[in-house]
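Here are some notes to read with the model open beside you. Take the points one by one and find each spot as you go.

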Amino acid sequence: MDEHTFLVNRERAVDYLNSLEKVFVNDQFLNWDLENRIRVRIISARAYHSLFMSNMCIRPTPEELENFGTPDFTIYNAGQFPCNRYTHYMTSSTSIDINLQRKEMVILGTQYAGEMKKGLFSVMHYLMPKRGVLSVHSGCNMGKDGDVALFFGLSGTGKTTLSTDPNRYLIGDDEHCWSDNGVSNIEGGCYAKCIDLAQEKEPDIWNAIKFGTVLENVVFDEHTREVYYVDRSVTENTRACYPIEHIPNAKIPCVGPHAKNVILLACDAFGVLPPVSKLTLPQTMYHFISGYTALIAGTEDGILEPQATFSACFGAAFIMLHPTRYAAMLAERMRRHGATGWLVNTGWSGGSYGVGQRMKLSYTRKIIDAIHNGSLLNAKYEETPVFKLQIPDYVEGVPSHILHPENTWSDAQAYKETLEKLAALFKKNFENFSDYKIGNDNRLTQEILEAGPL
């Protein structure tokens, strides 16, 4: 849209907020790295939105609030009020607008709280690279010895579940920066999916849901207030939004040293990617730029069964610059700090969706444990056909036969055809990036192209 249309929508939002008896104002921070902290002001009409952002952004101390000053970015959330559909560029009653020059965001016609969270994330994807800081859509945790792991993955891949590990410190579950100082969480809270949530499977997330947590779209008994996490009648995309302090082993402040492992999570609905494979640096860049997963039923509106999808840098909806810009920054940091890349399939085994079974969470956790403790680096590896992935011969606690996906399929020909089908989808998607340089290094660009499937 143009500047004039933005100002029309801004005026509409401000007029609506001014008509109310009271509004809620949150002055908060983004990024736990003090050198690269951003001050944000969120003005909203609903207590729900104010509490949500209080949980999701970094909460200032009384002293920091007293000296907050002029915000670096402001949100006007008038989501209860529609935009004017006769305004130029408007195609519905909903409009979410970001003006980078004015450092403002306007929300009209939607009361989905996630718009504020993801809007600010998009802004960080613009501001941070300009400072030489990599912004990433990832979970992050740290071991007792200071080894940091980044978890990349789209919704439904297990990013929040796997980064929330009772044996490791949680730095954050969704949005991070990697600067010369190390890794830092952008947010002050977590936004976990809670469909089918069970205490025995995810105890940390279960216990984090207490007073102060916002639950979205869940069904509950109005008398006992018991929540039915298995109830999908509203949507499968049920959520819990809580301050990161609700996780007992959260690392406060949410910062850590440079990453040792970069874990790319894919929920492979085709069932042909191995449960784990070790990646070369060019392969890590190829799969990072590709951002492959499957849209899981309920995560995206209108998706009733998983579909293959590619989201550049595992966050195409939020990145402001070309994907290769972020890939170049990630490659440089991984090379400089000696990080290892891994591809972990949390999706199907033994066949595609509808035939095979979803990978057991207990197996995936064992794989992640082996990455963290370094034992996977000492395994013997075998290269797969087509995707040229390095598969380990042994992971403690995981049946060896499932490490090679072809072993789990009853129909070898169907496996081969499905593998080639997925490879073709990868190659078609990567045509969008084949003409771009990665930084100033043409050679790395060629290496990345060659790191894809045959």
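1. Let's begin with a term: two strands pair if DSSP finds at least two bridges between them. Helices (H or I, at least four residues) and strands (E, at least two) are DSSP runs, numbered from the N terminus. With that in hand, look for the open sheet of three strands, ordered β11-β15-β12 with antiparallel pairing. β11 (189–193) and β12 (214–216) are at its edges, and each has a single partner strand, so one side of each has no neighbour in the sheet.

2. Before going on, a word on where this comes from. The model is predicted, so local features need pLDDT of at least 70 and side-chain atom pairs count only at pLDDT 80 or more, while totals for chains, interfaces and linings use all residues. Residues are numbered from 1 along each chain as its sequence is written, and side-chain values use heavy atoms, with hydrogens and water left out.

3. Stay with that sheet for a moment. Five bridges link β11 to strand β15 (residues 239–243) in the antiparallel sense, and Lys-193 is found opposite Arg-239 in β15. Helix α2 (residues 47–56) lies across β11, β12 and β15, at about 115 degrees to β12. For such angles, axes are lines fitted to C-alpha atoms (for helices, over the stretch in contact), and the angles run from 0 to 180 degrees between N-to-C directions.

4. Now find the open sheet of five strands, in the order β1-β2-β3-β5-β4, where the pairing is mixed. Its edge strands are β1 (24–30) and β4 (95–99), each pairing on one side only. On average, neighbouring strands here are turned by 15 degrees against each other, direction ignored. β4 runs antiparallel to strand β5 (residues 104–108), with five bridges between them; Asp-97 has Val-106 in β5 as its bridge partner. Helix α1 (residues 3–18) packs on this sheet, touching β2 (38–44), β3 (73–78), β4 and β5, and its direction makes about 65 degrees with that of β5.

5. Which residues have the most contacts inside the largest nonpolar core? Among them are Phe-152, Trp-178 and Phe-288, in a core of 72 residues. Helix α8 (residues 323–337) gives the most to this core, with seven residues. A nonpolar core here is a set of buried Ala, Val, Leu, Ile, Met, Phe, Trp, Tyr and Cys residues joined through side-chain atoms within 4.5 Å. Buried means under 20% relative accessible area, exposed over 50%, and partly exposed in between (1.4 Å probe, protein chains only).

6. Click on Trp-178 next. Contact means heavy atoms within 4.5 Å. Leaving aside neighbours within four places in sequence, Trp-178 is in contact with residues including Val-133, His-258, Leu-330 and His-337.

7. Is Ala-327 buried or exposed? Ala-327 is buried, at a relative accessible area of 0%, and it lies in helix α8. Apart from its neighbours within four places in sequence, Ala-327 is in contact with Met-285, Phe-288, Ile-289 and Ile-438.

8. Last stop: Thr-157, in the loop between β7 (148–152) and α5 (159–163). Thr-157 is buried too, with a relative accessible area of 0%. Not counting residues up to four places away in sequence, Thr-157 touches Leu-265, Cys-267, Thr-293 and Thr-346.
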